[in-house]
Structures are given as structure tokens and as C-alpha cells.
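Subject: Handover of a structure and findings

Dear colleague,

Please find the structure below, together with its sequence.

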Amino acid sequence: MGAPSWEELADLALTRVRRAGAEYGDIRLQRRVIEHMRGEDRRIASVDNDEDSGFGVRVLYRGAWGFAASSVLSLEDVPRVADLAVELAKQAASVATEKVRLAEEPVHRDRVATSFQIDPQVVPLERKASLLQETMEVVHQRANIVRSTAELWWCRDRKRFQSTEGTVLDFDLLAVNGSISATAVFEGRCATRSFHLPYLRQGYELIEETCWPEEAARVAREAVEKARAPAVEDGIYDLVLDPEHLSLTIHESCGHSTELDRALGYEANYAGTTFLTPDKLGTFQFGSPHVTLVADNTEPGTLAATGYDDDGVQCQRWDIVREGIFVGYSTSREVAPKIGDSRSRGSNRADGWGSIPIVRIANIGLVPGTASLDQLIADVKRGIYIEGQGSYSIDQYRYNFQFGGDAFWLIENGRRSHMVRDVIYHGITPEFWGKCDGVADWSHRHRYGFITCGKGQPVQSGWMTHAASPALFRRVHVIRGGKGL
Amino acid sequence: MSQPFAKPWFKMTSREEFRFLVDVILARSTGDHTVVTLQDEQSGTTRFANNQVIHHVDRRCSRLTVTVSFGYRHGTASTTDFSAGAVQNMVARAERIARVAPEDLEHLPPPTPCQFPLRETARAETIAAGPTRRLEYANEAIGLCRMENLMGAGIVSSSVASIGIAADNGLFGYETRTEAEFSITVHAGDVTTITGADSIRTGSMGTGWSAASHRSIDHLRIQERTLVAIDKAKRSRDARELPPGEYPVILEPAAVAGLWCWLIQALDAKSYEKGTSPVAGQVGKPLMDKRLTLSNDPGHPDLLGVGFTQEGLPSGPSTWIDAGCLQHLAYDRFTAQAWGIKEMPTLEAPILSVQGSLCGTIGDLVKQIDRAILVTNFWYIRSVNHRDLTLTGMTRDGTFLVENGHIVCPVKNFRFHDSPLRVFRNIDAATVPLEAVSPETRKMLAPAMALPRFHFSSVTRW
């Protein structure tokens with residue numbers, strides 16, 4: 001007799017959940033394969049191939065959740081785990097004073113698969129290793145370079161979601177990424193410059209379409225330039241932020257602040273709450289009229305565009321901030337009714353079979369404007385152009401933040417001049433977005449994905465993509481990060 | 001309260017079962033060397049917020065990993081499926097990688113087998129505890145918050161894990177490790193009810209936090225920790241805004257640990273060798289206040305010491321910073337061999353201590369201080385400048401102004417901008433080492449410290 005199918009295991013679990021009298025139950029069965037090749041200082045330091053499979057059963061019993069999971073996909077363990085999830089829900093229900101009520105969602109039966117041209121699994125390892133070694137060789141050709149890294153990563157998820165409501169969803173999802181870094185030392189001062197692919201739901205074509213030698217030469221050259229650059233002077237500057245940099249600013253200050261579970265206090269003990277309490281919905285001036293932030297979990301290729309979330313809710317597109325006004329949250333079936341919404345936005349995700357889903361940031365992007373990048377820069381007398389991601393920190397209310405970057409160029413009288421280093425800017429979220437004075441057009445739009453967004457206890461890693469065109473911010477407080485001991 | 005579960009824990013992989021799996025893998029592998037590791041963990045968390053249990057979860061995850069090498073070529077594969085076919089497939093995947101991977105001249109054969117020290121890494125009471133015990137603890141904390149008309153959010157978690165490492169050269173280590181954790185954030189503030197929604201805490205809210213972590217679930221001290229968080233939350237209402245700038249501070253142990261974990265990460269030997277470390281050239285030289293010592297004590301009953309490391313090396317006591325001077329770096333095996341380091345020190349059970357006349361409690365330390373900002377904890381600590389280890393982060397869940405030996409008022413949270421390499425050069429006063437647990441670090445023992453200068457770069461108005 002062969003191994004039981006996922007359909008049989010799902011039916012087995014949900015039958016027991018129904019029989020136990022639960023009002024709702026679901027099961028996620030998942031098999032994840034990750035390959036990660038890491039080069040360091042010309043050598044291939046590690047090649048890991050990880051297979052991770054298991055299942056999680058979530059049960060709502062008298063308004064309380066229970067969740068149990070196991071890596072043992074067997075006819076013996078599935079009923080044990082299903083029964084355990086029921087018992088956990090019953091225990092939680094015995095002390096609950098407020099009941100969970102789920103927003104309605106139509107029953108779905110669907111299959112979602114990532115569209116790709118080249119399966120990374122079939123690309124020979126030798127080819128991947130050669131690519132990384134050649135990339136690092138290019139980095140080390142430049143004088144003053146002391147360290148390099150080059151990485152390739154892909155992840156394939158096969159997943160089934162099945163609920164007691166009748167929803168059955170099958171997923172075959174792929175994501176690919178790669179990166180390069182170069183570290184230079186000049187007169188005892190070190191600096192690192194990086195290149196990151198954007199973590200997209202694509203195949204190995206994302207790697208092949210990238211000109212690795214060109215990017216390697218550029219990051220090496222700019223690492224040396226960065227190490228030699230003068231430190232920035234403290235002061236007030238206009239900032240032009242590139243899409244990769246903005247993706248992190250959007251993530252931390254706009255994404256997390258608009259997660260409804262945080263607004264309701266669910267994350268108070270770890271990731272924190274948010275200054276955007278529900279009473280501000282629809283009226284609060286989050287930013288200038290140039291700022292429209294749209295959550296789009298339907299955009300092909302992006303990390304959160306998985307067709308459906310882990311509540312079995314269909315992915316959607318909605319406004320978070322419309323012409324500066326805060327108008328929307330990321331929600332789940334559990335929290336949506338708490339602000340009077342009849343349907344979840346479909347942003348409830350677990351980081352794997354072993355985790356209970358929680359509200360996650362959607363694919364929130366800054367809607368492009370009409371200017372060109374040159375026009376934005378031409379409009380700046382004294383400013384800084386920032387590329388890439390560096391230091392970042394934000395308070396537990398997503399209100400006071402501080403960001404660095406990967407590379408910085410001074411803007412003088414409308415022209416990008418020379419590189420500076422150690423730029424740090426800080427601000428208060430709505431004040432900062434209120435200073436936005438223009439966003440570049442669609443031709444400059446780029447997307448960047450995140451796979452290590454930490455939230456929840458035990459902590460889970462969320463996946464989402466943020467898109468933006470370069471944007472101009474007026475009169476931002478800049479300080480030099482680190483002034484010696 | 002419902003009845004305790006009949007079988008709170010599913011059976012874990014035993015030493016004999018691990019040895020059997022190792023034998024199967026070694027028999028299958030054709031590599032010059034083969035290293036096998038096991039992590040089989042059963043864990044559970046009861047999570048609460050707004051005085052309600054929101055998640056009551058349990059998870060079992062078993063993982064085998066194998067690294068196969070042919071000369072200097074190596075490959076690693078892992079699986080969560082322990083069936084014969086899956087284990088065989090894992091070995092085949094690792095071999096496939098190892099056969100085609102470029103030579104890595106830093107790759108070394110497995111460590112020489114040795115007798116790993118026996119440590120008390122598992123506590124029977126934690127193994128026996130399950131969801132019922134966690135729920136009772138969560139209810140205890142919630143009940144205390146309700147009695148004060150405050151809102152609590154937190155977790156109670158416990159886990160048991162079978163950890164193993166073995167290699168073809170006879171290396172073999174296996175131990176069971178348990179861990180239990182409690183943390184709570186208490187909110188005290190005005191309640192605003194909005195249409196169609198729950199009660200939301202807004203306005204001039206005060207928050208307080210406390211946490212504990214231990215091999216034994218009996219040592220979480222739920223009531224004591226919850227009362228600390230409640231006290232801080234009540235004291236934190238209506239915080240006053242002070243301007244940013246240089247202040248003397250009293251850092252509680254969690255705040256001290258939050259800064260030290262970044263310093264410990266900066267001790268990487270390879271970065272030191274390449275000249276990119278913030279402590280480059282500092283081994284053997286004064287790095288800190290000369291009364292400071294950082295040591296590793298894996299046998300300490302209140303720390304999370306282990307018998308062996310992930311690399312298969314024995315853990316042992318060591319002194320990393322002695323009288324303010326840096327003694328050791330964190331070596332990878334290749335760098336250690338290249339530098340002729342025979343015994344690689346480990347730092348999984350850190351104790352930071354200050355020599356001299358010390359206070360027994362944080363309260364006693366506060367009494368000695370004329371004026372300072374008292375910091376309960378830091379949040380979202382990140383590097384700003386790697387060269388001088390300048391860090392940033394926010395104060396969180398209990399920030400107060402101390403004057404004339406008393407807490408006089410709460411203050412709004414500050415963002416800091418400073419380097420542990422600077423701030424720990426001079427210590428005004430300290431306590432004995434106390435439990436330090438924070439989201440930024442694993443557990444360590446660290447004193448609360450009064451420091452003369454600490455740079456707060458901005459203040460939040462929320």
C-alpha cells in the first residue's frame with residue numbers, strides 16, 4: 001500500500017474536527033524545498049538542500065482557537081494532531097470571555113501555481129557555483145576589496161489548504177533570489193555595498209536575466225567609493241529615495257502600522273501595537289496628497305500574490321492610504337469584523353505548516369506619480385539620493401523611526417554629485433510621509449520582496465513585496481551615524 | 001478548567017533511535033566524511049492579549065541533517081521525514097551536491113571525538129508540563145492584570161528537544177534540552193470604545209514588561225514577573241517628555257543584555273582577521289571598564305548551557321573579557337586552526353559581572369543614584385555604524401526619570417544612538433548579575449548598571 005494522499009489525510013483530520021463539534025477547522029499540508037548556495041570570499045562556503053514537510057490543524061471551538069502541527073505525515077499522526085488541536089481549542093474556550101467570530105468567505109476550490117520558464121531545481125549545481133565564483137572574482141579584481149559574498153536561493157512550496165467549510169486549495173509556488181556584496185577597506189575604514197535581486201515568484205530566468213559581472217563590478221567600485229567618501233554633515237536635507245530603499249521604509253512605517261491585529265493589541269507583547277488606531281480610519285492625515293499606498297495581493301510575481309491566504313480568502317487589491325488619508329488595514333477573517341468589515345482582506349498567513357496564521361503586511365506599494373527621476377533631483381538644491389537598504393529601526397508604535405541606506409550621493413543644485421557615507425535620517429511616520437513632495441512615474445517603478453519579516457510568538461517570518469518609484473521628501477533631519485569612540 | 005491531557009508529549013527520538021539513524025546514514029554514505037545532526041522538538045505556546053487567550057498551540061518538528069564531504073567538496077541536505085526512503089534520499093542529495101561542489105579549502109573533517117560534559121539540560125517538570133500547565137500560567141497572569149483593571153499580553157511557552165550530533169569518525173553527542181519562557185507586557189491607559197470594535201487602549205498609555213526563561217518551567221515565577229510588569233505599567237502612565245541628549249542612565253539587565261548581544265556578535269574572528277571588525281586589534285587590550293568580566297558558565301543552573309555545540313565541540317567555562325580586556329574571539333574551526341587555537345571557547349551561557357561593591361537589587365541601585373534615566377528594555381536594536389559599533393534602538397515598556405534615589409516620573413520613550421564600546425568604558429555602579437531575557441537576546445546573567453553617559457538622539461511623542 002502506498003503512502004496516503006494529502007486529500008485522504010485532510011479528510012481524515014477534518015472529519016475528526018467536525019465530529020468533535022468544532023464550528024470551524026482547517027488543515028494545511030505543506031512540503032517546502034529550499035536550496036541555498038552561499039559564496040564567501042571566492043569560495044563556495046555552503047550548499048544546502050532542505051526538505052521540510054508537515055501539516056497543521058487549526059480548530060475554532062466555541063469561539064476559541066486551538067492549533068497543533070507535526071512533521072510526521074502519517075495515518076497515525078494526523079488523527080492524533082487533529083484531536084490535539086480540538087483539545088487545545090476546548091481548553092482555550094474554557095477560559096474565553098470573548099468569542100472569535102469569522103468574517104464570511106465564499107467556498108473556493110482552486111489550484112494556484114507560479115508561472116515560470118526555468119525550474120531552478122533542474123539547473124545544474126555546477127552552473128550555479130560557477131556563476132557565484134565568477135561573480136566574486138570580479139568583485140575581488142578591484143583594489144581595496146577585502147571581502148565578498150554571492151548567493152543564490154530558491155524555494156518551492158507545494159501546499160494544500162482544506163477547511164470544514166468546503167474550501168479546497170492546492171498551491172505550487174516558487175520564489176527565487178540572488179545577491180552580491182563587496183566590502184572595501186580604505187585607510188582603516190571599511191564599507192560594504194550590496195546588490196539584491198527582488199525576491200520574485202519567478203523561475204531561474206530571474207537569475208539568468210541578471211548581468212552578474214556588471215553588478216559585481218558596480219558594487220565593488222561603489223564599495224571602494226563608499227569607503228573613501230566623506231562623512232555626511234548633520235543637517236536638514238531633501239531626500240530622494242530609490243525604490244529598493246523605499247520598500248523598507250514602506251514596510252516598516254506603512255506596512256506594520258496598518259496591520260489590524262496590531263491595532264487591536266494582539267502583538268502588544270512583542271512586535272508592538274500601532275499609532276494608527278481604528279478611530280483614525282478614514283480621517284487621519286497619514287501623508288501628503290502625493291502619497292497613495294495600495295495593497296495588491298493580486299499582482300503576478302509578488303510574494304503575497306498566492307491566490308488565497310491561509311484563511312482560504314481570495315487575494316485582493318485595496319487602498320491603505322488614499323491621497324494622504326489613512327483608509328485601510330490588512331486583515332484576517334478573525335479581526336475584520338472587529339472594525340465592522342464584512343469580509344477579510346485576505347492577509348492571514350503562516351510561515352509554514354507548523355505555525356498558526358497571523359495578520360501579515362500585504363504587498364503594499366507606493367503609487368507612482370508623474371515626474372521623472374531627473375525632474376525630482378533637478379528640484380533639489382541640497383539633498384541626498386539614497387539607494388538600497390541599511391540600518392533600520394522603528395518604535396513599537398511604528399511612529400518614531402530611523403533609517404540608513406546602502407549608498408548615498410549628495411545632490412547639489414539639482415545634480416547628483418559625489419558619494420557621502422554614514423547617512424542616517426530619522427522622523428515621525430506621518431510627519432515624514434507628509435513631507436513627500438513627488439513620486440516618479442511608472443517607468444521607474446521597481447519591486448522588492450521581504451522573506452524575514454518577524455512577527456508573532458513564536459516568531460514567524462512573513463513574505464511580501466513592496467513596489468515604489470523614487471520619491472522626494474522635503475526637509476528631513478539627517479545625522480551622521482557613528483562619530484568614532 | 002479542563003482536565004489535563006492524558007499524553008501531553010509525543011515520544012521524542014531517543015539516544016538509541018538516533019544512534020540507529022546514524023548507523024543507517026553512515027552505512028549509506030559513500031563520502032570521505034559524514035556528519036549527522038538531529039533536532040527533534042516538541043514545543044507549545046499559550047499566547048494572550050487583551051486579557052484573552054488568543055492562541056493555544058502545539059508543534060512537533062523532527063529534522064535530520066547530513067553533511068557529506070569528498071575531500072574538500074561538501075554538501076548538506078536535511079529532511080523532516082524519518083522514513084527509510086526519505087533518509088536515503090537525503091543522503092543522496094547531500095552526496096550529489098558534494099560531488100559537484102567546488103573545492104572549499106576551509107572545509108575541515110569532523111571534530112575529533114571526545115567525551116562531552118554532562119549537563120543538566122533537561123528538567124522533568126518541563127517535560128511533564130504541557131498545554132494545561134501553560135494555560136494555567138497564562139490565566140494566572142491574566143487574573144492579576146484583571147484585578148488591577150489593566151490589560152495583559154504575553155506568552156507562556158515550553159519545549160523539549162532531542163539534540164544529536166554524530167560523525168563517521170566516532171563523534172557522538174546526544175542530549176535532551178528543555179526550555180520554558182514567560183513574558184508579559186501590561187498596558188495601563190484610557191479605554192476608548194469605537195463603533196463595531198473592541199475596546200482599544202489609547203491616550204496616555206503606560207506599559208510595563210517583564211520576562212523569564214529557564215530550563216525548568218517551575219522557575220518562571222509568573223506572579224512575581226507579572227507584578228513587576230503591572231507596577232511598571234502603572235508607574236508609566238502620563239509620561240513626561242524630556243529633550244533628547246546625553247543622560248546618565250540606569251540600564252536594567254535586559255537593556256544591558258540587548259547591547260551586549262551586539263558586542264558579542266562583533267567578536268567574530270574572521271572579521272577581526274580581515275580588519276572589518278569594530279574590535280580589530282583589541283585582543284589583549286582594555287576594551288571596557290576594568291571591573292567588567294564576561295564569562296561562559298554552561299554548568300550554571302539558571303543558564304541555558306549545553307554539553308556540545310552545533311559543530312560538535314564541547315562547551316566549557318571560559319573568560320572572554322577579563323578585567324575589561326578582550327581575551328577571546330569567536331572562532332570558526334578553520335580560523336581557529338589557522339591561528340593555532342587548540343580549544344575554541346563557546347559562549348552559550350554568558351555571565352556579565354562587575355567587580356567591587358555591588359547592589360543586590362535594581363531598587364538598591366536606584367537609591368544610590370542622584371539623577372538618571374532608568375531603562376527597562378530596548379527594542380529594535382540595529383547597527384548604525386559597524387566600524388565603531390554604533391547602535392540605535394528605542395526604550396520600551398518602562399522608562400523613568402530617577403532623582404535623589406527615587407523614581408520621580410515616567411518619561412516618553414527615547415531613541416538611543418550610542419556604542420557599547422563607548423558606554424561600558426565607565427560604570428558608576430552595578431548590581432550583582434541578574435536574569436536578563438529580552439526579545440533581542442537569549443538568556444544571560446547581567447547586572448543592572450548605572451552609566452555616566454548615554455546618548456538619546458530623539459524622543460517619541462506617542
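Two strands are taken to pair if DSSP finds at least two bridges between them. Strands (E, at least two residues) and helices (H or I, at least four) are DSSP runs, numbered from the N terminus. The model is predicted: local features need pLDDT of at least 70 and side-chain atom pairs count only at pLDDT 80 or more, while totals for chains, interfaces and linings use all residues. Residues are numbered from 1 along each chain as its sequence is written, and chains are lettered from A, and ligands numbered from 1, in the order in which they are written.

I begin with a hairpin in chain A. Strand S22 (residues 446-455) and strand S23 (residues 460-468) of chain A run antiparallel and are joined by 8 bridges; within this pairing, A:Arg447 has A:Ala467 as its bridge partner in S23(A). The two strands form a hairpin with 4 residues between them, and A:Gly456 in the turn has a positive phi of about 85°.

Contact between two residues requires their C-beta atoms, placed from the backbone, to lie within 7 Å.

As for helix packing, helix H3 (residues 125-140) and helix H5 (residues 212-228) of chain A pack at an angle of about 35°, with their axes 8 Å apart. The residues in this contact include A:Leu131 and A:Val138 of H3(A) and A:Trp212 and A:Ala216 of H5(A). By class, the contact has 9 nonpolar, 1 polar and 1 charged residues, where Ala, Val, Leu, Ile, Met, Phe, Trp, Tyr, Cys and Pro count as nonpolar, Asp, Glu, Lys and Arg as charged, and the others, Gly among them, as polar.

Turning to the interface, 78 residues of chain A are in contact with 81 residues of chain B. Strand S2 (residues 43-61) of chain A gives the most to the chain A side, with 12 residues. That side divides into 35 nonpolar, 28 polar and 15 charged residues. Strand S3 (residues 64-70) of chain A and strand S2 (residues 52-70) of chain B run parallel and are joined by 4 bridges; A:Ala68 stands opposite B:Asp58 in S2(B).

Finally, two residues of chain B, B:Arg221 and B:Asn404, have a positive phi of about 50° although neither is a glycine. B:Arg221 is found in the loop between strand S6 (199-214) and helix H5 (222-236) of chain B, and B:Asn404 in the loop between strand S13 (390-403) and strand S14 (406-410) of chain B.

With kind regards

Technical notes: Axes fitted to C-alpha atoms, helices over the stretch in contact; angles between N-to-C directions.
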